[in-house]
Amino acid sequence: MEGSSPGDGEEPSRLAASILQPAYLRPSARRRGALAAETPTAAHGPVQTREMLPATSKLCAAISYRHLRNMTGLRRQAAVALSQELSRLACRSTGPSTWIHQVRRRSSLLSSRLEEKPFSEMEMSYIKQGEEALQKSLSILGDQDGWKTETVVGNGDKVLSKVLPDVGKVFRLEVVVDQPLDTVYSELVDNMEQMGDWNPSVEEVKILQKIGKDTVITHEKAAATPGNIVGPRDFVSVRCAKRRGSTCVLAGMATKYGAMPEQEGFVRAENGPTCMVLRPLPGSPSQTKLTWLLSIDLKGWLPKTIINQVLSQTQVNFANHLRERLARTVPC
């Protein structure tokens, strides 16, 4: 067994579940304590609890089932009903009403989210694909058995690999970047379309569609390798960027996009599941530990030995070019 888990002790399934949970459903520890202390007891009387149940049940019915989440009208009615019940309780109550205020704030947040434009069936499909890529990638990285060393560089960068059933050979890059997590995240996510400016392995990255805050559809053109060993390839991918506390996961996989059919002069390759996991280096928040899982089917008639050599070296080169990019663009 070689390497270390990208979660640094946190189980991948738990990491994936926590990252995929919407932020507005994750109250802070301080709020959880406040709500627990202010929750009404029997001393407040049974009337409040009895009147709260209908509206609460409606709201839960609207948001608990995936196939109802796009029924905006039903969800909005439930949120309005809950808000009205809370207002009536606040007016009639002679006791402490801080807990009502807390729940009302939560209800207002849900109501504002219900006003957002609902996703289409196709958009929901892309979101699901991105989340699936994230879960599968973290599951692969979390299994520490069977990894073999491909390359170890003098600065500590290393590439490992393993063969998976139904997936093939996957590669794992583990490096430390001398920049804080926010800086690395911004370069890889916010400046995604600029990657062709600093990574010689990439000719172009173009965002075809943004879906919500976390999901994008991209088209990437890979640059030709030296000696044209591997001819021009392009990819259409769905990418999902999730952040939870000090952990960032950037996941992706190949997808179909009607507005970007196969391009003349390029072989349409497929990637995924693939992901990058970013964490502050323990004890050194100014440095970032980056783990990159790479899984690619380049298509065509290429010998596996050449493919393995190219992909392994691509990861090592990526780390070097990323450091150079950050050194040039980050103010001293």
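Select β7 and strand β10 (residues 274-281): the two pair in the antiparallel sense over 5 bridges. Strands here are DSSP E runs of at least two residues, helices are H or I runs of at least four, and both are numbered from the N terminus. Two strands pair if DSSP finds at least two bridges between them. This is a predicted model: local features need pLDDT of at least 70, side-chain atom pairs count only at pLDDT 80 or more, and totals for chains, interfaces and linings use all residues. Residues are numbered from 1 along each chain as its sequence is written, and side-chain values use heavy atoms, with hydrogens and water left out.

Now pick Leu 250. Its bridge partner in β10 is Met 276.

Colour β7 (residues 247-254) by accessibility. Of its 8 residues, 7 are buried (under 20% relative accessible area, with exposed over 50% and partly exposed in between; 1.4 Å probe, protein chains only).

Arg 244 stands opposite Thr 247 in β7. Stop at the hairpin of β6 and β7: 2 residues lie between the strands, and Gly 245 takes a positive phi near 65°.

Jump to Leu 138 in helix α6 (residues 121-142). Leu 138 counts as buried because its relative accessibility is 1%.

Last stop: Ser 284, in strand β11 (residues 284-294). Ser 284 has 16% relative accessibility, so it counts as buried. Show its side chain with that of Gln 287: a polar contact of 2.9 Å joins them (a pair of N or O atoms within 3.5 Å; within protein, one must be able to donate a hydrogen and the other to accept it, and residues adjacent in sequence count only if both atoms are side-chain atoms).
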